[in-house]
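Student: Hello! I would like to learn how to read a protein structure, one feature at a time. Could we go through one together?

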Amino acid sequence: MEYTERKKAVLVLKDGTVFFGKSVGVEGTAVGEICFNTGMTGYQEIFTDPSYFGQIMLSTTAHLGNYGVNEDEVDSDGIKIAGLVCKNFSYYHSRPNSESDLLTYLEKANLIAISDVDTRALTAHIRDNGAMNAIISTDGKSIDELKALLEEVPSMEGLELSSKVSTKEPYFFGNPDATYKVAAIDFGIKTNILRCFEERDCYVKVYPYNVSFDTLKEFGADGYFLSNGPGDPQALANLGVLDTVNKVLDAGMPVFGICLGHQLIGLSQGVNTFKMFSGHRGVNHPVMNLDSTQGEITSQNHGFAINKEELDKHTNLELTHVHLNDGTVAGMKMKDRDVFSVQYHPESSPGPHDSRYLFDIFVDNMKKAKGTTL
């Protein structure tokens with residue numbers, strides 16, 4: 001293995017804390033809210049998850065890049081994170097079916113990444129002090145310069161980002177002759193969600209985040225899906241999206257929401273959201289299904305959540321899933337119609353498959369609404 005000398009890199013947090021590391025390869029500066037993901041595998045799915053748009057990803061696993069990249073593990077049209085921080089970066093990979101090494105993949109996206117950072121200390125700092133904006137640099141800027149640039153970065157709270165990652169034009173996914181038709185609103189949808197629908201005999205038409213309900217109706221869908229996505233749900237609600245969400249809910253068709261879609265359902269019913277201290281990001285989050293009393297190990301990625309006190313007081317919303325670490329809302333349903341949502345990723349990309357039954361429930365709801373049998 002050839003030895004190569006790498007340039008110094010630096011990370012500066014909003015509170016003034018500084019961490020030093022080395023440049024992975026691409027020179028430049030990147031800004032965003034820094035957050036940590038505790039998953040041991042699945043870095044390519046994480047990097048291409050649109051819900052991470054505008055965030056610098058801190059990986060807590062010790063090694064990154066050791067199994068390369070593969071096109072089958074892409075969850076959007078490209079890398080969506082703003083920057084990357086890790087401990088050990090592997091320039092070589094050993095998985096036989098990998099199509100490329102991770103460095104080449106990052107270079108094509110011009111992604112700023114730094115390694116050799118004390119990620120244990122950095123993760124502990126975020127855990128104790130909360131998620132915050134950060135800046136990483138590999139091009140020699142001084143710490144004072146970086147602090148000045150960091151002052152100009154807007155807070156994630158109040159930031160609308162779905163319009164940055166949503167499709168510009170509607171598109172189809174799956175078999176046109178499938179039994180069920182699903183109209184999906186793309187707030188930052190993951191490709192593996194669409195694969196999960198396709199596997200369940202669904203033909204999906206994906207619409208931009210600002211689609212009108214009149215346009216949605218034209219597809220003649222058997223059910224509606226509200227996707228995951230980045231940013232503050234309150235900011236997205238201010239763009240008039242809730243009007244469409246309310247019309248979708250009032251249509252009387254089955255509805256399924258994930259993450260941001262889940263939060264928008266809550267907001268449409270008068271239940272507020274709040275920014276979490278450090279958020280939930282990883283593939284080992286324990287959730288209790290209150291209907292079955294069974295536990296689920298889930299894949300999660302969110303920095304905002306539904307207000308549980310307001311949900312508990314609501315006359316037409318019912319808590320269905322709860323996060324066992326902190327008691328936050330992990331799922332809910334409407335009492336008078338087939339509408340349900342969760343605050344985690346049942347498509348499990350990456351993550352365990354404990355929660356994929358939620359797609360089956362949605363399909364069963366469409367089946368009942370159609371009055372058909374499989």
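Student: How many strands form the open sheet, and in what order?

Tutor: Before we start, this is a predicted model, in which local features need pLDDT of at least 70, side-chain atom pairs count only at pLDDT 80 or more, and totals for chains, interfaces and linings use all residues. Residues are numbered from 1 along each chain as its sequence is written, and side-chain values use heavy atoms, with hydrogens and water left out. Now the general idea: strands of a sheet pair through backbone hydrogen bonds, either parallel or antiparallel. Strands (E, at least two residues) and helices (H or I, at least four residues) are DSSP runs, numbered from the N terminus, and two strands pair if DSSP finds at least two bridges between them. Here, 10 strands form an open sheet with mixed pairing, in the order S10-S12-S11-S13-S14-S19-S18-S17-S15-S16. At its edges are strand S10 (171-173) and strand S16 (294-306), each pairing on one side only. On average, neighbouring strands of this sheet are turned by 25° against each other, direction ignored; such angles are taken between axes, which are lines fitted to C-alpha atoms (for helices over the stretch in contact), and run from 0 to 180 degrees between N-to-C directions.

Student: In which sense do S15 and S16 pair, and over how many bridges?

Tutor: Strand S15 (residues 273-289) pairs with S16 in the antiparallel sense, over 11 bridges. To find a spot to look at, go to Gly282, which stands opposite Gln300 in S16.

Student: Which strands make the closed barrel?

Tutor: Seven strands do, running S1-S2-S8-S6-S4-S3-S9 with mixed pairing. From one strand to the next, the twist averages 35°. Strand S1 (residues 8-13) and strand S2 (residues 18-23) run antiparallel and are joined by five bridges; Lys8 has Lys22 in S2 as its bridge partner. Helix H4 (residues 143-150) packs on this sheet, where it touches S1, S2, strand S3 (29-37) and strand S9 (132-137). Contact here means heavy atoms within 4.5 Å. The direction of H4 makes about 40° with that of S1.

Student: Is helix H9 mostly covered or mostly open?

Tutor: Let me explain the word "buried" before I answer: it means under 20% relative accessible area, while exposed means over 50% and partly exposed is in between (1.4 Å probe, protein chains only). Helix H9 (residues 260-268) is mostly covered, with nine of its nine residues buried. Among them are Leu260, His262 and Ser268. Just after H9 comes Gly270, with a positive phi of about 85°.

Student: What do the buried residues of H6 pack against?

Tutor: In helix H6 (residues 191-199), the buried residues include Ile193, Leu194 and Phe197. The buried residues of H6 pack against S10, strand S12 (202-207), S13, S14 and helix H11 (357-370). After H6 comes Asp201, whose phi is positive, near 65°.

Student: How many disulfides are there?

Tutor: A disulfide is a covalent bond between the sulfur atoms of two cysteines. The test is a pair of cysteine sulfur atoms within 2.5 Å, and by this rule the count is zero. The sulfur of Cys86 is too far for a bond, because the closest cysteine sulfur, in Cys35, is 14 Å away. Cys196 is in no disulfide either, as the nearest cysteine sulfur, that of Cys202, is 10 Å away. Cys196 counts as buried, at 1% relative accessibility.

Student: How many aromatic pairs does the structure hold?

Tutor: Rings of Phe, Tyr and Trp (its six-membered ring) pair if their centres lie within 6.5 Å; planes under 30 degrees apart count as stacked, over 60 as edge-to-face and the rest as tilted. The structure holds 14 aromatic pairs. Phe172 and Phe219 have ring centres 6.0 Å apart and planes at 55°, so this pair is tilted. Phe172 lies in strand S10, and Phe219 in the loop between helix H7 (213-217) and strand S13 (223-226), so the pair ties together parts 47 residues apart in sequence. Phe172 is partly exposed, with a relative accessible area of 44%, whereas Phe219 is buried, at 10%. Phe225 and Phe256 form an edge-to-face pair, 5.6 Å centre to centre with 65° between the planes.

Student: Where does the charged end of Lys181 sit?

Tutor: A charge sits over a ring if NZ of Lys or CZ of Arg is within 6 Å of the ring centre and within 35 degrees of the ring normal. The charged end of Lys181 sits over the ring of Phe219, 4.5 Å from its centre. Lys275 lies over the face of Phe304, at 5.9 Å from the ring centre.
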